[in-house]
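Subject: Structure handover

Hello,

Here is the structure you asked to look at. Please open it next to this email and go through the points below with it on screen.

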Amino acid sequence: MSVQQARENDLSHLSGDDIRKRIRAGRHEAHTAGLAPGKLQCNLAILPEAFALDFLRFCQRNPKPCPVVGVSDTGDPMLSTLGRDIDIRTDVPRYRVFNDGRLSTETTEISDYWTDDLVTVALGCSFTFENALMRAGIPVRHIEMGRNVPMFRTNIDLVPAGPFGGQMVVTMRPLLKEQIEDAKRISARYPQAHGGPIAIGNPLDIGISDLNTPDYGDPVDFQPGEIPVFWACGVTPQNVLRAARLPLCITHAPGHMLITDVSEDAETTIYQNNTN
């Protein structure tokens, strides 16, 4: 591979807007871990307006796995509160489309599925605080290995609302004991990105039997002395939406997030275009 090709394949130096343009053009379909450092990444739930209020109630009652950072106007595919020229139909690397709770397809754009009654709910993502961990010298193993984060179903019950309920999904990152307090403190500064860990140590305590076989994402290596640390995960609302058996709902594929123009440490998640 030439130096030029290597640089073209390395997106870590690009802005969120530049990455979205590549995604919209069909030039990036992979996961978004490690991309656009400093910018908020989001999970997505796109559903008919008739169910949106109950879903927002569910998110309010379960803020760790479902931190709401943006809500579109009904029928409007543009998310102007999260960035410049974000078209939710094309600007995510991979989507999942569900009908009556069944996965109908995975696709790289959803223009053909868009209707005037759909509402987009954007939810914070743990990829955001990973940048802060790395800046503090705390390793993030799946990024080091070029993989998607490992995600696991748990036995942790959620607070229901309307047709929405179920159990939490978590992400896992292995850390040394002496790194855990710093990781807790750093991630807690990002409540819009799931905040601090929800469990540390024995995975059986939260219903996980095998860390080598994640339910979503990829397995990662453990180094001697490392302990599993678990954070709430945005795949949680995907499972909840699926279980509710809505006639139509659309989500991102796990690990394939919306990259916004909002700073990960912004006081609010409302995008301000400072070029005006």
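Predicted model: local features only at pLDDT ≥ 70, side-chain atom pairs only at ≥ 80, totals over all residues.

Residues are numbered from 1 along each chain as its sequence is written, and side-chain values use heavy atoms, with hydrogens and water left out.

The whole chain

The protein chain has seven helices and 11 strands; helices (H or I, at least four residues) and strands (E, at least two) are DSSP runs, numbered from the N terminus. Its radius of gyration is 18 Å, close to the 19 Å that the globule rule gives for 276 residues, so the chain is as compact as a globular protein of that length. That radius is taken over C-alpha atoms, and the globule rule is 2.2 Å times the number of residues to the power 0.38. Along the principal axes, the C-alpha atoms fill a box of roughly 55 × 50 × 35 Å.

Of the 276 residues, 54% count as buried. Buried means under 20% relative accessible area, exposed over 50%, and partly exposed in between (1.4 Å probe, protein chains only). Among contacts (heavy atoms within 4.5 Å) with a separation of 6 or more, 77% are between residues 24 or more positions apart.

The chain carries 26 positive and 34 negative side chains, and the centres of the two sets lie 2 Å apart. Lys and Arg count as positive and Asp and Glu as negative, with His and the chain ends not counted. The place of a charge is NZ of Lys, CZ of Arg, CG of Asp or CD of Glu.

Helix α4 covers residues 127-135, and seven of its nine residues are buried. These are F127, T128, F129, E130, N131, A132 and L133. What do the buried residues of α4 pack against? Their partners are β1 (39-48), α5 (141-144), β7 (167-176), α6 (177-188) and β9 (226-232). After α4 comes G137, with a positive phi near 80°.

Helix α7 (residues 235-244) is largely enclosed by the rest of the structure, because eight of its 10 residues are buried. The buried set is V235, T236, P237, Q238, N239, V240, L241 and A244. Just after α7, R245 takes a positive phi of about 55°.

L246 is in the loop between α7 and β10, and L246 is buried at a relative accessible area of 1%. Not counting residues up to four places away in sequence, L246 touches L47, F51, N99, D100, G101, F164 and L241. The C-alpha atoms of L246 and P163 are 9.1 Å apart, although 83 residues separate the two along the chain.

Two loop residues with positive phi

D100 sits in the loop between β3 (95-99) and β4 (102-107). D100 is not a glycine, yet its phi is positive, about 55°. Is D100 buried or partly exposed? At 36% relative accessibility, D100 counts as partly exposed.

H194 is in the loop between α6 and β8 (199-200). H194 is not a glycine either, and its phi is positive, about 80°. At 1% relative accessibility, H194 counts as buried.

Two buried strand residues

R173 is in strand β7 and is buried, with a relative accessible area of 2%. Its side chain makes polar contacts with the side chains of E130 at 2.8 Å and T171 at 2.7 Å. A polar contact is a pair of N or O atoms within 3.5 Å; within protein, one must be able to donate a hydrogen and the other to accept it, and residues adjacent in sequence count only if both atoms are side-chain atoms.

H252 is in strand β10 (residues 249-252) and is buried at 0% relative accessible area. The H252 side chain makes a polar contact with the side chain of N43 (3.0 Å) and reaches the backbone nitrogen of L44 at 3.1 Å. Beyond its neighbours within four places in sequence, the contacts of H252 include V92, R94, Y95 and Q238.

Regards
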